[in-house]
Amino acid sequence: MNPTPKRRLTIVLLILAAAAIAAVLVVVALQNNMNYLLTPSQVQSGEAGSYNTFRLGGMVKAGSIQRSNDSLKVTFTVVDAGGAMPVEYTGILPDLFRDNQSVIATGHMDNAHFIATEVLAKHDETYMPKELKDAMAKAHANKKIEDAAAAQDKMP
């Protein structure tokens, strides 16, 4: 093989290898920065097991908010139609955070507790993120199917 075509082939192979390495680095970076939105029932069913960090969405259970007297630590329970998840958060909560309010908390699981690093409160009763709306509709649909099956079982 002549030196010129050999040099061209080497350059093309190096460019292809560099492009492949760049593509792999982009994919890895994007996977590490993804946040999946799950409801408490999805977390309890084990769907959150493979995620280090994810978002938990639902409603703050009435009467579940407990504030620490000596720190900014707050514990509360996030619920949906089929489950409940205790949440711990240390920091300043949004002004709209209260009982029966929709929230999205970003964080990770620690045994059976969700440790939040960020808590967002829904700002308007008419707005709900599409992912949370779809997940809650799915949970409600499953609950209706289970209720209908239980009613069928009770009939003589």
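Q: Which strands form a hairpin with two residues between them?
A: Strand 6 and strand 7 do, and Asn111 in the turn has a positive phi of about 60°. Strands here are DSSP runs of E with at least two residues, while helices are runs of H or I with at least four residues, both numbered from the N terminus. This is a predicted model, in which local features need pLDDT of at least 70 and side-chain atom pairs count only at pLDDT 80 or more, whereas totals for chains, interfaces and linings use all residues. Residues are numbered from 1 along each chain as its sequence is written, and side-chain values use heavy atoms, with hydrogens and water left out.

Q: How many bridges pair strand 6 with strand 7?
A: Eight bridges pair strand 6 with strand 7 (residues 113-121), in the antiparallel sense. Two strands count as paired if DSSP finds at least two bridges between them. Met109 has Phe114 in strand 7 as its bridge partner.

Q: Which strand is joined to strand 6 by six bridges?
A: That is strand 2 (residues 54-60), which runs antiparallel to strand 6 (residues 102-110). Met59 stands opposite Ser102 of strand 6.

Q: What about Thr106, buried or exposed?
A: Thr106, which lies in strand 6, counts as buried because its relative accessibility is 9%. Buried means under 20% relative accessible area, exposed means over 50%, and partly exposed lies in between (1.4 Å probe, protein chains only).

Q: And which residues is Thr106 in contact with?
A: Leaving aside neighbours within four places in sequence, Thr106 is in contact with Asn35, Thr53, Phe54, Arg55, Phe114, Ile115, Ala116, Thr117 and Glu118. Contact means heavy atoms within 4.5 Å.

Q: Changing topic, which residues form a nonpolar patch on the surface?
A: Leu9, Val12, Leu13 and Leu16 form it, with about 370 Å² of accessible area together. A patch takes residues with over 30% relative accessible area and no salt bridge; like charges are joined within 9 Å, and nonpolar side chains (Val, Leu, Ile, Met, Phe, Trp, Tyr) within 5 Å. A salt bridge is a side-chain nitrogen of Lys or Arg within 4 Å of a carboxyl oxygen of Asp or Glu. Areas come from the Shrake-Rupley method with a 1.4 Å probe, and for residues only the protein chains shown count as cover.

Q: Where does Leu13 lie?
A: Leu13 lies in helix 1 (residues 3-32). Leu13 is partly exposed, because its relative accessible area is 49%.

Q: How many helices and strands does the protein have?
A: The protein has three helices and seven strands. Of its 156 residues, 27% count as buried.
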